[in-house]
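Reader: I would like to go through this structure feature by feature. Please give the general rule each time, then the case at hand.

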Amino acid sequence: MSDAVDFVELWRGGRLESVHRGHAVVVDDTGEVVQAWGNPDYVSYPRSSAKILQAIPMVESGVADRFGLTTEQLAMSCASHSGAAIHTDRAQAWLSDLGYNDEAFVCGPQWPADVPARDGLIKSDATPCRYHNNCSGKHCGFLTMVKANGWDMNYADIDHPLQVTIKDAFEEMVDETSPGWGIDGCSAPNHAVSMRGMARAMAIIAAADDSTKRGAAMVRLREATMAHPELVANTDRACTHLMQAGKGTVSLKTGAEGYFMAIIPGKKLGVALKIMDGTTRASECAIAAILCRLGVLDASDPLVKKYRNPDLVNFAGLITGDMRPSAVLA
């Protein structure tokens, strides 16, 4: 058992001002720990980092093919998008194809993180809809399963057939029995798992081929996220930028409260990361640093530096310090 370690430092005027601590682990496709910081057995909620696991049953079951889902829709099913037009237009079209309206979503309405979309609502004196929710792509996938199987619309209930199916796939992938679950920001269940278990699942996806139905499902979802990084997050977000910097070598997905995962197909590795104070800026810095250590990203790439070692700038545009990975990651 190890305590969380210092991951990310903020410096101002040549003095260390703040530190973010966390746990992280890199696992290969055999389940072996390649490298760990802190406690690889620390149990946490992966939050939206688990979306690719939640989407596996839809593809593995043949439902995705029955409904003719595109690679864009598969990427959206794994997304925490910003509510930009590129996301909401696709979510509304998918929902319409299923014969549902916005009320079918159990996720709540959410103001877009995308500034033009948010400002457009404000200027038109409109309020956000459920399709603006950052998880609406995932919920379109959920509703596709509901439609295909004739299930009732209470699809976020823990004992709903959809959630039972997802939990079974989740536990098989992480090779653990989850010790419990919580309600995620979008109202769906989120199952607790160890860092090691989550990284193991990501490594299995990294190493997957199309020799089995599940393997083919994992490959399709993995490749869809890397083919459409702007749909997984947005054009101004870390997941998108770091996948673009990786040039098809890594799939990334953030989760709330400082979680991050990475899938590295060329190395058959999976990464799970948790920042203990839940800070997104720290999780983005730490995952970028780990991927640089693994030779997946180039620390000199401006898209990488934006998260791994950004300048701190005040409202007057003055550089006041910098954020950087700690010595154990740098």
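**Cavities, pockets and contacts**

Author: The largest cavity holds about 70 Å³ of space. The model is a predicted one: local features need pLDDT of at least 70, side-chain atom pairs count only at pLDDT 80 or more, and totals for chains, interfaces and linings use all residues. Residues are numbered from 1 along each chain as its sequence is written, and side-chain values use heavy atoms, with hydrogens and water left out.

Reader: Which elements each supply at least two residues of the lining of the largest cavity?

Author: Elements are DSSP runs numbered from the N terminus: helices are H or I with at least four residues, strands are E with at least two. For the largest cavity they are α1 (51-60), α6 and α7. The largest share, five residues, comes from α1. Among the lining residues are Lys51, Met58, Lys138, Phe142, Met145 and Ile166.

Reader: How is the lining of the largest cavity divided by class?

Author: Ala, Val, Leu, Ile, Met, Phe, Trp, Tyr, Cys and Pro count as nonpolar, Asp, Glu, Lys and Arg as charged, and the others, Gly among them, as polar. The lining of the largest cavity has seven nonpolar, three polar and two charged residues.

Reader: What volume does the largest pocket have, and which residues are closest to its centre?

Author: Its volume is about 510 Å³. The lining has 29 residues, and those closest to the centre are Ser80, Asn134, Arg237, Thr254 and Thr280. Two or more lining residues come from each of α11 (238-246), β8 (251-255), α12 (280-293) and α13 (302-308). By class, the lining of this pocket has nine nonpolar, twelve polar and eight charged residues.

Reader: How should I read an aromatic pair?

Author: A pair of aromatic rings is described by the distance of the centres and the angle of the planes. Rings of Phe, Tyr and Trp (its six-membered ring) pair if their centres lie within 6.5 Å; planes under 30 degrees apart count as stacked, over 60 as edge-to-face and the rest as tilted. A search of the whole structure finds one such pair. Phe142 and Tyr155 are edge-to-face, with 6.0 Å centre to centre and 70° between the planes. The two are 13 residues apart, Phe142 in helix α6 (residues 136-149) and Tyr155 in the loop between α6 and α7 (161-174).

Reader: Are Phe142 and Tyr155 buried or exposed?

Author: Buried means under 20% relative accessible area, exposed over 50%, partly exposed in between (1.4 Å probe, protein chains only). Phe142 and Tyr155 are both buried. Thr144, also of helix α6, has 0% relative accessibility and is therefore buried.

Reader: Which charged end sits over the ring of Tyr100?

Author: A charge sits over a ring if NZ of Lys or CZ of Arg is within 6 Å of the ring centre and within 35 degrees of the ring normal. The charged end of Lys147 meets this over Tyr100, 5.1 Å from the ring centre.

Reader: How many disulfides does the count come to?

Author: A disulfide is a pair of cysteine sulfur atoms within 2.5 Å. The count comes to zero.

Reader: Where does Glu257 lie, and what is its phi?

Author: Glu257 is in the loop between β8 and β9 (259-264). Its phi is positive, about 60°, although Glu257 is not a glycine. A relative accessible area of 45% makes Glu257 partly exposed. Arg47, in the loop between β4 (43-44) and α1, also has a positive phi, near 50°.

Methods: 1 Å grid on protein atoms, 1.4 Å probe; cavity = no way out; pocket = protein on both sides within 12 Å on 5 of 7 lines; lining within 4 Å. Points joined across faces, edges and corners; volume = space filled by probe spheres on them.
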